[in-house]
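This report describes how two chains of a protein meet, and then turns to one residue away from that topic.

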2 protein chains.
Amino acid sequence: MTTITAVDVLDVRFPTSVTADGSDAMNKDGDYSATYVVLRTDDPEQSGYGFTFTIGRGNDLCVAAAEQRARPLLGRDVEDITSDLGGIYRELQSDSQLRWLGPEKGVVHLALAAVMNAVWDLAARRAGLPLWKLLATMTPAELVDAADLRYLSDVLPREEAIGLLTRKAGTREERIAQLEKTGYPSYTTSAGWLGYSDDKLRTLCQEAVDAGYRHVKLKVGGNLEDDVRRCAIAREVIGDDAELMIDANQVWDVPEAIDWVGALAEFKPLWIEEPTSPDDILGHARVRRAVAPIGVATGEHGMNRVLFKQLFQAEAIDYCQLDACRLGSVNEVLAVLFMAAKFGVPVCPHAGGVGLCELVQHLSVFDFVAVSGSLEGRVTEFVDHLHEHFTDPCVVRDGAYVLPTRPGYSARMRDASLAEYAFPDGSYWAGRSL
Amino acid sequence: MTTITAVDVLDVRFPTSVTADGSDAMNKDGDYSATYVVLRTDDPEQSGYGFTFTIGRGNDLCVAAAEQRARPLLGRDVEDITSDLGGIYRELQSDSQLRWLGPEKGVVHLALAAVMNAVWDLAARRAGLPLWKLLATMTPAELVDAADLRYLSDVLPREEAIGLLTRKAGTREERIAQLEKTGYPSYTTSAGWLGYSDDKLRTLCQEAVDAGYRHVKLKVGGNLEDDVRRCAIAREVIGDDAELMIDANQVWDVPEAIDWVGALAEFKPLWIEEPTSPDDILGHARVRRAVAPIGVATGEHGMNRVLFKQLFQAEAIDYCQLDACRLGSVNEVLAVLFMAAKFGVPVCPHAGGVGLCELVQHLSVFDFVAVSGSLEGRVTEFVDHLHEHFTDPCVVRDGAYVLPTRPGYSARMRDASLAEYAFPDGSYWAGRSL
């Protein structure tokens, strides 16, 4: 028997605010950070790694919350846990006193994601499979048991979810073979951060095209005049055949969103991302009706499956950008993937930050292989920074994610990176006045 | 000039789980707790007190978050702050790194409420007025400036909010005079906690009737057979003329809620409270259509004004049970009161816990005096415990809140209570193994 003997939770912060990487109209100076969880067992060969993503201050709150969330894992048999991944999720999630602080949202939910991501990583490493493949070996009933379907039975009863997965089960291998050849399509956000100059934008757009990308995303919403100029530059460089996406990071009220997007319509964006409050389901629906045929995308702040259920019910979005750390790990992601498939909404996960690309590649591959069965309208975000801190960084080639092959959820950080960027005592931070 | 010199944040927990006070189908063993904030100034006569409410574990997370939220207040001129209560709210709220952890929900938002509740308390104490009266002295434009209207302009543009308040401004004094005679109507939840025996339920219902209450609320959702028996007891004791409310504390999926409430319809409940996930706007709307004429109530977990906006837009609720600590203090409560008035939905605030009754009495009185102008369909929750820990406890007489007259937001706890219940070092907790 292998037992969980310790849970280490680290506050890791990268000083991205120094270079304006990741800057947008809402988040001008984020320091990309991770609440990083290591599950240790009495077998030194078996550990699990997971994290949630934040942008700096308050990462310590997630660390403290993850320590509380993880407590029931101590002393437990790893086999018991990894053979019932739905059960352990429900157990951790159901602490009623912590639940009051959400429920299922904010710090306690981000912390649940960090801990359960480590549990899923451990399960995949134990199975000797990359996470996507572990999922792809599970039967429809096993997947549905692992998913968090609470509060969803009005749109997705258990039997319907099983039926949806069963229809795709016989052809999983074909789709795996296809992705092994082509990779999973991605787009880049690296070109369009709001803090970059026009020249840098122009250069980066050209580099994206040269690297094989057919989709480029720009941050907007700071100033309309700037947005018009920047969109014109991007469109000019990428040409009319490539897709341009724009992202406002929640800065607008609904009427303002409609007006502003209207003023950028001439650049034919594929989607407007986060036009307003991420909680405003009906607001997104109204924006969507008003700006069509420009699509509406949201999800990186989609707090839980109940929000996504309603985004689907209200026909509020064209693209579902679920987040691997904002949702309660794979268990809740599965529920959103199932609903998206039912409603026919393509899932284009949010990525970037630190480590999100590493995680979502698994989710997108699994979605195609076993849930949606389609690549139509699907592109997964890719941002080219901070990958060097991972032991198993994602690989993007010709604008597509190469299928991960190593066991786990690609969530493990390099020891040297932890030593440097642990906050506040790592070597990078220790010398600075904070 | 008076300056804020220190912000003390205390973790205060009351061992309510021992007696099953507060037990319901979702929260079986809460220890009612407060993240308690004291703003100190260089004038020993001027301090502000505020808190948010939690149910035990994780209160430490809110304490840590409140310390971060409050940091920008240190060294500030009290006059600057209390003369622009909307400005300081927006400043504290807009920390973009902390915002990522919500946004505007969960731990960081509960913490914002704790801090801003203390700021409002300080403002009211400085003015020598109870909070409700401080608000009632503000002009419509001042109130709208203090309110958080971001993301609401699609339903409540600034000018419309001012117009709504202006229509009630000339008659405020009449309504104050009325409430000084009658008090503000309340109902009691003290009788119906799920952990109580049938005999205790019967006795407490009779005591409620004897004390003048015309509304009694029962927790339901554990077991249907028990619920039928308990509703029958309550209805028998209170008679057909009094109102019975039932509260499921989010335990049901939407279809289950509809069936279960249908099975209790014979007891003619006035409302079903929290039938499902508090995030499920469209789910509440569906339940409401199905169970009419039984009303639907929710709000104690209503995370922010954007959720309430949609509950109103979707015609999802008959009663708005906003929470003084879940929303971002008075600033966000004002926005919800304004929208509720526009949509004609009565506000019946959530109370109980620790100190919530002390706070919401001010909000309900102000709502009647300056916003809704109506008592129709309004009753404010009252639960009779833990009031002894406050220096200015609320007073309920003949089933109605007596208007608070002492300066402040009634949020200050007694020093002896803090010494006893501070966690984990207060005298109550120090001797126990936790």
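A salt bridge here is a side-chain nitrogen of Lys or Arg within 4 Å of a carboxyl oxygen of Asp or Glu. By that definition, the count between chain B and chain A is 6 salt bridges. The model is a predicted one. One of the salt bridges joins Asp280(B) to Lys309(A), with 2.5 Å between the closest N and O atoms. Polar contacts between chain B and chain A number 39 residue pairs, both residues being at pLDDT 80 or more.

**The interface**

Seven elements of chain B are listed as giving two or more residues to the side that touches chain A: strand S3 (47-54), helix H1 (59-70), helix H4 (96-99), helix H5 (106-127), helix H12 (254-263), helix H13 (281-291) and helix H14 (305-313). H1(B) gives the largest share, 6 residues. The make-up of this side of chain B by class is as follows.

| Class of residue | Residues on the side of chain B that touches chain A |
|---|---|
| Nonpolar | 27 residues |
| Polar | 19 residues |

In terms of contacts, 63 residues of chain B meet 63 residues of chain A. The area buried between the two chains is about 5,300 Å², and carbon and sulfur atoms give 53% of it. Arg57(B), Gln97(B) and Trp100(B) together supply 18% of the area that chain B buries against chain A, more than any other three residues.

**His389(B)**

His389(B) lies in the loop between strand S10 (380-382) and strand S11 (396-397) of chain B. Is this residue buried or exposed? The relative accessibility of His389(B) is 8%, so the residue counts as buried, the cut-off being under 20%. Beyond its neighbours within four places in sequence, His389(B) is in contact with Phe14(B), Arg412(B), Met413(B), Arg414(B), Ser417(B) and Tyr421(B).

Methods. Residues numbered from 1 in each chain as written. Chains lettered and ligands numbered in written order. Predicted model: local features only at pLDDT ≥ 70, side-chain atom pairs only at ≥ 80, totals over all residues. Heavy atoms only, no water. Contact = heavy atoms within 4.5 Å. Buried area = accessible area lost by both parts, 1.4 Å probe. Polar contact = N/O pair within 3.5 Å; in protein donor to acceptor, adjacent residues only side chain to side chain. Helix = DSSP H or I, 4+ residues; strand = E, 2+ residues; numbered from the N terminus. Nonpolar A, V, L, I, M, F, W, Y, C, P; charged D, E, K, R; others polar. Buried < 20%, exposed > 50% of the residue type's maximum accessible area, 1.4 Å probe, protein only.
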